Amino acid sequence: MGVRVGIGLFTAQLPASSKRTSEQEYRQTLELVRLAERVGFDSVWVSEHHGSSDGYLPSMLPLLAAFAAVTERIELGTGVVLTSFHDPLRLAEDAAVVDLLSGGRLLLGLGNGWREEEFRMFGASKAERGARTEETVEVLRRAWTGRRFSFEGRTLRCDSVKVTPQPARPGGPPILLGGYDRKAVVRAGRLADGYVTDETGPDEVRSNLALVDEGASSVGRDPNELSVVLLQNAFAWRDGDPWPLIHEGLVQQLGSYEAWGNGADTPELDRLEPVEPSDEDLRLSTPAGTPEDVLARLLPLVRAFEDRDLQLVVRLHYPGMDLETAARAVELFAAEVIPALKANRASS
């Protein structure tokens, strides 16, 4: 089975030192998405966080609606909607509209969320996040039938409600679940149409796939019918050392998470100063170099999925990166890495 290749995650983050504006970032993201479709990428993905000093994208479905308006073929994915912070009926409505605008191209990834500050911001219960995700899946699927329904769970209650319009795709967009702990990964196999992960090594990939299989088998589902989305940093470049081009943005991308874990972007510490990972960790996370170098790093990951329905989503645009640099990286990856990835997966 072949591999599909997407681009993302687009997060609209800007380092404090960047001279770019958020308006410029959003407008030029649309140009990159048009380019990605034109050169052959199969999907484009966005991610959300809230209250972030670097402008991390908080509203994925409005941005995907804009993507839908400027593209014709490419699939549109959320990686992932943090269900604890979304009313499930509004989410069902917004997702249906994006699916209609795109002609049935939406892929709806969902996850639990983890930042204490975001739970505080929205008055949401962190203890109930797993149950909230599970019940949101059920509510979405009922909502997209177009029929009136009621639901009463641990965290959600709907009393004889009806959601319109129905999505373009019968039954609604595919729902994919992300997560890291055992319960979340098993839940993806048990409930979802697919699993979203960003594990960085073949062994970790195989371990999580076994948990997905466990969840699917526990309810009599065929694990091979579930798709898998692998989120992966990468940067192919032929004009010298690529690291000066991506280093600051990569630190912003990866270092923000540790800073949030240390209490950044809260009332007590109202700023975001990314914690710089070691050079070894940066290079481990991000295959960068010539197309041949990048391909050599990506192929073992892709092959770890064996004959699974796999979508590899590569981040080629890093926070603060200018459009010209990002566009060149997108074109080069499409021309020299994607064909080799697909050929080698098909022949492995």
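**Entry 1: strand β8**

I began with β8 and asked which of its residues are buried on each side. Gly194 and Val196 are buried on one face, and Tyr195 and Thr197 are buried on the other, so I noted both faces as covered, taking buried to be under 20% relative accessible area. I should say here that I am reading a predicted model.

Next I looked for the partner of β8. Strand β7, residues 175-178, pairs with β8, residues 194-197, in the parallel sense, and I found three bridges between them. Leu177 stands opposite Tyr195, and Gly178 has Val196 as its bridge partner.

**Entry 2: the barrel**

Which strands close into the barrel, and in what order? I traced eight of them: β1-β2-β3-β4-β7-β8-β9-β12, with parallel pairing. From one strand to the next, the twist averages 25°.

**Entry 3: helix α8**

I moved on to α8, which covers residues 243-261. Its 19 residues reach 26 Å from the first C-alpha to the last, close to the 27 Å expected at 1.5 Å a residue. Where does α8 bend? I found the bend at Gly255, and it is about 40°.

I then checked which residues of α8 are buried. My list reads Trp243, Ile246, Gly249, Leu250, Val251, Gln252, Gln253, Gly255, Ser256, Ala259 and Trp260. The elements that cover these buried residues include β9 (227-233), β10 (235-236), α9 (279-285), β11 (288-289) and β12 (309-315). After the helix comes Gly263, with a positive phi near 100°.

Is Val251 buried or exposed? Its relative accessible area is 10%, which is under the 20% cut-off, so I put it down as buried. Leaving aside residues up to four places away in sequence, Val251 touches Ser256, Pro274, Glu276, Pro277 and Leu282.

**Entry 4: helix α1**

For α1, residues 22-39, I compared the span with what its length calls for. The 18 residues should span 26 Å at 1.5 Å a residue, and the end C-alpha atoms are 26 Å apart, so the two agree. The buried residues here are Glu25, Gln28, Thr29, Leu30, Leu32, Val33, Leu35, Ala36 and Glu37. Gly40 follows α1, and its phi is positive, near 115°.

**Entry 5: the nonpolar cores**

How many residues does the largest nonpolar core have? I have 91, and those with the most contacts inside it are Phe41, Phe67, Leu110, Phe333 and Leu341. Helix α11, residues 323-347, gives the largest share of this core, with 11 residues. A second, separate core has 12 residues, among them Leu82, Phe85, Leu231 and Val313.

I went back to Leu341 to see what it touches. Not counting residues up to four places away in sequence, its contacts are Val3, Val5, Leu295, Leu298, Leu299, Val302, Leu312 and Phe333.

**Entry 6: Leu211**

Leu211 sits in helix α7, residues 202-218. I marked it as buried because its relative accessible area is 15%, under the 20% limit. Apart from residues up to four places away in sequence, Leu211 touches Arg182, Val185 and Val186. The C-alpha atoms of Leu211 and Arg187 are separated by 8.9 Å, and these residues are 24 apart along the chain.

Last, I went through the backbone angles. A cis peptide bond joins Gly8 and Leu9, with omega about 10°, and Leu9 is in strand β1, residues 3-10. Another cis peptide bond joins Thr164 and Pro165, with omega about -5°; Pro165 lies in the loop between β6 (157-161) and β7.

Which phi values are positive in a residue other than glycine? I noted Ala12, with phi near 65°, and Asp265, with phi near 60°. Ala12 lies in the loop between β1 and α1 and is buried at a relative accessible area of 11%. Asp265 is in the loop between α8 and α9, and it is buried too, at 3%.

Notes
Residues are numbered from 1 along each chain as its sequence is written. This is a predicted model: local features need pLDDT of at least 70, side-chain atom pairs count only at pLDDT 80 or more; totals for chains, interfaces and linings use all residues. Side-chain values use heavy atoms; hydrogens and water are left out. Two strands pair if DSSP finds at least two bridges between them. Helices (H or I, at least four residues) and strands (E, at least two) are DSSP runs, numbered from the N terminus. Axes are lines fitted to C-alpha atoms, for helices over the stretch in contact, and angles run from 0 to 180 degrees between N-to-C directions. The expected span of a helix is 1.5 Å times one less than its number of residues. The bend at a residue is the angle between axes fitted to the seven residues ending there and the seven starting there. Buried means under 20% relative accessible area, exposed over 50%, partly exposed in between (1.4 Å probe, protein chains only). Contact means heavy atoms within 4.5 Å. A nonpolar core is a set of buried Ala, Val, Leu, Ile, Met, Phe, Trp, Tyr and Cys residues joined through side-chain atoms within 4.5 Å.
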